[in-house]
Amino acid sequence: MSGGGESLLIRGAHVLTMDDAGRQWPRADVVIEDGIIAAVGPDAAAGWPRSFARTLDGVGLLAMPGLINAHFHSPGNLLKGSLDGLPLELFMLYEVPPLADRGSAGRIGYVGTMLGALEMLRRGITAVHDDAFHVPVATVDSVDAIMRAYADAGIRATVAIDQPNIVEYDKYPYLRELLPPTVMRAMDAAPRQTTAELLELYDHLIDRWHGAERGRLRAAVSCSAPQRVTQDYFAALSRLSREHDLPFNIHILETKLQRVLGREKFGKSLVRYVHDLGLLDERMMVIHAIWVDDDDIRLLAEAGCTVAHNPVCNLRLGSGIMPYYRMRGAGVPLCLGTDEATVDDSINLWFVGKTAALLHTIANPEYRDWPSATEVLHALTRGGARALRQEGHLGQIAAGAAADLALLDLDTAAFTPLNDLERQLVFCEDGSSVRYTIVAGRVVFANGRITTVDEKALRAEARTLMAEQRAVLTRATDEARRLEPYYRDMYLRAAKEDVGLDRWAH
Ligand SMILES: [Zn+2]
C-alpha cells in the first residue's frame, strides 16, 4: 500500500453502484485501498493479495455512493431557523446586511463550517460544494477558518470565495430611485474589495488549499451572480477557472426581480449577458436558473453548463419553480443542493431529493415524464460529481473511483419491507438509516458518532460563540429592518412587471 491511506474491506453488503451499467448486487464486497475503491463485486475480496487494516461487516447494510451537496453556503450554518420565509431580496437583506458586520471571522467561521460538515456526514453526504461568502470582507483568516474546518471534519469539500464587489444599490433594479441619499452614501462607503485584493485571496486559496488533504479539499471560483461583480473581476475569475479547471459558481435568474434587473440594466436576460461576455462555459454550475426562458436554456445546454437545483430553498424563498421539463428536454444536466442552512434549515439532501421528485408533478399532467427515483438519485450523486469537475472519480462505486460511501441500515422503517430500493431511498429515507459514512476510505461517522472531532464540544462552543454575537446580530437585524421598506417596494414593483414568462404557481 502506498501513500499512507488505510485499507478497508466492506464485506457482504447490498451494493448500489450508480455506475454506468447501473449495477446493483444483493451481496458484494467493496475493497478500499489508499482512499480509492480497488475492487467491487460479489466475492471481490476473495483471494485478495493483501490483508485489510479494517473490515466492516456489510451484511444487512446498503453500500451506496455518498451524496454530493452541490450547492451550499457554509456561512449560514449557525443561523438555521433564524428567519421566516422571505423573498430572496428581503432575505439577503437580513442574512448579508449591506451596512453591518455580521461577524463571521475567526472561530465562528471554523465552528460554523464544522457543524454543517458534521450534520452532512451524519446523513451520508460525503462531498459539499461550498460557495462561501464572507461578511463584510474576505480575508486569509476567514478563508482558512473554513478550509481548516473541512480538513478537520473529514468531509470532501470544494470551496469558492463568493464576494460581490459592486455597490449594493447597483445589484438591484429601482434602488437608485427608491433609497434616500443618506442610505446610498452609506452603501458607497461600505467595504468592498478590489479585483486585485480578491484575486490575491484566490491565489492563497489555490496555493494553500487546492488539492490539500490528498485531494480531498479543492478550490472553486464564484462571482456570486453576474450582476454583483465588475466585468474585469468576472473575466479574471473565468480565466482562473479555465487555468486550473475549477468549477465556477454562478447564481443566475433565481428570482423574477433578477429577470427585471437583466432587462433594466443590461437590456437582456442575465444568461445572455454572461454568454455575450464570452464567459458561459462547461465549468459553470448555474445555480437556480428559475426565471430562464427557452433561449437561455438553449444557451446553457450549448455551453455545457450544469444546473444546480435547490427545490427546498426555492420554496422557502418563494422563488418559483425551475422549468424542469424544459431543462431536461434541452439536455441540461442537473445536480441537487440544499443551499444554505437559513433556507434549507436541516441541510438534509435526502429531503431535497424527495422534494425534487414531488415538486415538478404540479407543473405537468403527463405523469410518464415526472422525475423518477433513478433520475433523482443520479442528480444526488453523479450530477454533483459532474458539477465538481470530478465525473468518474466521485458519485459512483467503481474500481478506481474515490472511496466516498454511505452505508445504510436496511433494517429500518424506510426499507421494510424492501419493495424497490431506489424509490425507497428517494421517498422513504431521510438520512436516519445511515450507519457509516466513509470519505476517501476513512470512516468518519460510525454508529451514531463522528470519529474525527469532538462534536459535543463543538456544539457547546457554537452556543457560546452565538451568545457572544447576540449584540452584533441584533444590530444587523435593526439595520435590515430600517431598509426593508425600500426593498419591499422594489420587490413588489418587480413582481408586477410582465417579463413574458411566469414561474410562480397560481
Ligand atoms: Zn446560493
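Which residues coordinate the zinc ion?

1. The zinc site. The zinc ion is coordinated by the NE2 atoms of His71, His73 and His251, at 2.0 to 2.2 Å. Donors here are N, O and S atoms within 2.8 Å of the metal (3.2 Å for Na, K and Ca), and water is not among the atoms, so sites may look incomplete. Along the chain, the donors of the zinc ion follow the spacing H-x1-H-x177-H. His71 belongs to strand S6 (residues 67–72) and His251 to strand S11 (residues 248–252), so this pair ties together parts that are 180 residues apart in sequence. Helices (H or I, at least four residues) and strands (E, at least two) are DSSP runs, numbered from the N terminus. His71 and His251 are both buried, where buried means under 20% relative accessible area, exposed over 50%, and partly exposed in between (1.4 Å probe, protein chains only).

2. Basis of the note. The model is predicted: local features need pLDDT of at least 70, side-chain atom pairs count only at pLDDT 80 or more, and totals for chains, interfaces and linings use all residues. Residues are numbered from 1 along each chain as its sequence is written, and side-chain values use heavy atoms, with hydrogens and water left out.

3. The largest pocket. The volume of the largest pocket is about 660 Å³. Of the 38 residues that line the largest pocket, Met92, Val96, Pro164, Glu168 and Lys171 are the closest to its centre. On a 1 Å grid over the protein atoms alone, a pocket is an open set of points with protein on both sides within 12 Å along at least five of seven lines, a cavity is a set where a 1.4 Å probe fits but cannot get out, and lining residues have an atom within 4 Å of a point. Grid points are joined across faces, edges and corners, and a volume is the space filled by probe spheres set on the points. Helix H1 gives the most to the lining of the largest pocket, with 5 residues.

4. The cavities. In the whole structure, 4 cavities of 30 Å³ or more are found. The second largest cavity holds about 70 Å³ of space. Its lining has 14 residues, and those nearest the centre are Glu89, Thr255, Lys256, Tyr491 and Trp504. Helix H16 supplies the largest share of this lining, 3 residues.

5. Helix H10. Which residues of helix H10 (residues 294–303) are buried? They are Asp296, Ile297, Leu299, Leu300 and Ala303. Seen down the axis of H10, these buried residues fall within an arc of 160°, so they line one face of the helix; the arc is that of the directions from the helix axis to the C-beta atoms.

6. A buried loop residue. Asn348 lies in the loop between strand S14 (334–336) and helix H13 (349–359). Asn348 counts as buried, at 7% relative accessibility. Leaving aside residues up to four places away in sequence, Asn348 touches Arg123, Thr338 and Asp430, contact being heavy atoms within 4.5 Å.

7. Backbone details. Most residues other than glycine have a negative phi, and most peptide bonds are trans. The peptide bond from Val135 to Pro136 is cis, with omega near 0°, and the bond from Thr416 to Pro417 is cis, with omega near -10°. Asp245 has a positive phi, near 55°, and is partly exposed, with a relative accessible area of 30%.
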